[in-house]
Amino acid sequence: MNAKPIDPKLARLIHTAEAPGILYGSCLDPATGHVYGGGIDGHIYRLPARPTEPLPEKAPAEKLWRNHENYIASLAWIDGVIVSASYDHRLIWTRAENGQKQREVHAHEGWVRKVVVVPHWNRLATIGDDMLMKVWDAKTGEAIHSCAGHLRLTPEGFLNTVYGLAASSDGKYVATADRTGVVFVWDAETWQQVATFRAETFYTYDAEKRARSIGGIRGLAFSPDGTRLALGGIGPVSNVDGFVGPCRVEVWDWQNTKRTFVGSDKHQAILNHIAFVNGGELLVGAGGGDGGPIIGCWDMKTESPVAKAKPKSHIQHFAFDDAAQQLLAVGHAGFQVWAFTPAPAKSSEEAKKS
Amino acid sequence: MKSQHNEHKQPSGTCITHEHRFHRRAFVGGMLTGGAASLTLPGVSFAGEVPAASSLKQQQKRVLFLWLAGGSSQFEMWDPKPGRETGGPFRDIGTAVSGYRVCELMPKLATRMNKIAVVRSLNTKISEHFQAADLVSTGWPKEPALEHPEIGVVLAKELALQDSLLPDYVSLFTTSEGRRRPSPGFLSRRHAPLLLEGSLQPSNIELPAGLSAEAHARREALRSSLSQQFAQQRAGNDLISGYNEAYARVRGLMRSDELFNLENEPTKNRDRYGRTPFGQHCLLARRLLEAGVPVVKVARGFWDSHHDNFESHRELVPDFDNVLSVLLDDLDERGLLASTLVIVLSEFGRTPKINQDVGRDHYADAWSCAFAGCGIRGGAIHGKTNEDGTAVVEGEANAADVAATIYQAAGIDPLKHYQVGQRPVPLAKEDAQPIRAVLS
């Protein structure tokens, strides 16, 4: 939990670090504040985001190793090791300090979409295009369990996808969510399904104009106390050629399968990633779409939108650095570092220039 | 030698008396709804032209257009570039054709590439939907003074069966985005297609409430008798033949409602094609082709993936892969593939550059189309793009070349021309070159 809550209204972009194409996944080394990203070119990039000197506005990201043969979709951090999940169907463990590959496993029959750490259990969970959620020993890479439930096809007969994956902070539950808005919550001890519900608003199938769909639950996060589950994505889409619909979050009391909050904004975008900050009092979502990129913030106490910011480009994922109180985002063209402090006063010379 | 045929639009009302118009309205008015309401009845001649029987027609050649409306991505289908920055995340897979690889989203078609010919080197230059669709659908650039007919309309005219009671051309475009109603251009509207837009059943072909089949037959007998008397008084008037053909087509259509009813198809066939709209539309197309409709177009909207391109193609391409594979097998099993030209075409392809919303935009400079069946050399792969798919480097072809290839494959001389007023207009643009590599 943050020592001091951030004020989302003060959000400002303080640094960008360029990387080619799109970075899809990121993870944070909580000790150093270094953020790692991976994406289209299969390389891992690094940004030291807690420098002793002020960050310049713009710089290239540090290019590290490449172990994957396809896009990197997601990263997880475990004790100095980065676990990368890729569309090449593999999970790879790599030591961050020297780029030494420790192990790899063929994780799914299809793209691996996400990997998360299940706290306290020495476990990783992954989702893939085989529609399974799999559980792994975080240290050895041994397969522990495989959970099936998401349907292979959408109601209209097209391929479905599991996009959302989250673990509760106490490690007791893991949740998965798919393109059609179906959510499962799994008990992390027995790996039995303990709840399921459908948030169908995140899925738009347009039978009349285009005979195809868009959407899905792309962001998924447990509240810090584990009782609520937040979903992120896009609301009803008017034109499924793109993200032409209101960005949307929902919060569910998952144990009672009851929706408790809907946050929407007229900004047309999909929220690819969401997270609770300020001890669960603030829900942050980030993404992009027809209305351009967005970071949206909702106050969970007042259940109302509290702030939004316009990122430099479409965001795919972010990590929140509690120590530095910075949001470290990855997406199109690399990294973005967002601070939540007042902008420093300009020197008289800068003021003259501006 | 160039063949020649005179045809042009009749000015409104020409050769059609008030009396005839009244009877036409009484009998067939409102028979077809939707877009067809604005056309004269498809396949119905009011212009007095009766197509001459020809060897082509006796051979019963058929053409099926699969129109991937909105612009499908060549990278995620016929011309993958795995490992390149432009390539996207899908891998390529080997095919039945040595050395040719397709996107991994098409495993079923990969095993059937010996039946399919691909052109990977289209450069059609126009990347705006409507203008591009006009260009690719007609094979001609827009001309202010002359509206060219859609290729399907020309084929419907050329391949029409004289005594058929079925439409010469049926166009299925059930989604509304980018919907096109194939234009007869300077040809008679009699060659315009029967449009299936709202549903797969032609509208209003059932008898009106209160009119029994017997009463309908009596009316038809009376009409036929009057028509005969009229013909005797005006022997030699082609218009009479046109009218009789018109009524015959209408009766044929009314009797063919079962043809459009997919419930009549065995469940295993319906499941084989897949219960998606495209699957069921292609199953209907096969039924129509088998029944003798010479030209069918199935539009599958809508591929315009400006955002989330890979998720969109992950949804659309496996369906396309299954449906086209089953369709080719089905046509083959029924002995129809050798006489049916199948064409897979869009208005353009998608950009090599992946935009910030993980989309691909419109791109006409280097894209692909495919052919199979009648007149096609299966397994032929024509043309090449560069490593990133940004430009054609070998075998460039344009929209006119595609049109010429289609005509040639269907056994029609692309240089055959119609006389439009004082101007002889060839089927394909004068400088068009059929893509010989894909022709058998």
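These legends describe close-up views of a predicted model. Residues are numbered from 1 along each chain as its sequence is written, and chains are lettered from A and ligands numbered from 1 in the order in which they are written. Local features need pLDDT of at least 70, side-chain atom pairs count only at pLDDT 80 or more, and totals for chains, interfaces and linings use all residues.

**View 1. Chain B in outline.** Chain B holds 11 helices and 17 strands. Helices (H or I, at least four residues) and strands (E, at least two) are DSSP runs, numbered from the N terminus. Of its 440 residues, 50% count as buried. Buried takes 20 or more other C-beta atoms within 10 Å of the residue's own, exposed takes 12 or fewer, and partly exposed is in between; C-beta atoms are placed from the backbone. Among contacts in chain B with a separation of 6 or more, 75% link residues 24 or more positions apart. A contact needs C-beta atoms, placed from the backbone, within 7 Å.

**View 2. Helix H5 of chain B, residues 151-159, is mostly covered.** Nine of its nine residues are buried. Among them are B:Ile151, B:Val153, B:Val154 and B:Leu155.

**View 3. The hairpin of strands E16 and E17 in chain B.** E16 (residues 417-420) and E17 (residues 423-426) run antiparallel, joined by four bridges. Strands pair if DSSP finds at least two bridges between them. B:His417 stands opposite B:Pro426. Two residues lie between the strands, and B:Gly421 takes a positive phi near 60°.

**View 4. The cis peptide bond between B:Gly301 and B:Phe302.** Omega is about 5°. B:Phe302 sits in the loop between strand E8 (295-299) and helix H10 (309-333) of chain B. Most peptide bonds are trans.

**View 5. A positive phi at A:His89.** The angle is about 80°, although A:His89 is not a glycine. Most residues other than glycine have a negative phi. A:His89 belongs to the loop between strands E7 (81-86) and E8 (90-95) of chain A. Is A:His89 buried or exposed? A:His89 is buried, because 20 other C-beta atoms lie within 10 Å.

**View 6. A positive phi at B:Lys125.** Phi is about 70° here, and B:Lys125 is not a glycine. The loop that holds B:Lys125 runs between strand E5 (116-122) and helix H4 (129-138) of chain B. B:Lys125 has 14 C-beta neighbours inside 10 Å, so B:Lys125 counts as partly exposed.

Note on methods:
Two residues are in contact if their C-beta atoms, placed from the backbone, lie within 7 Å.
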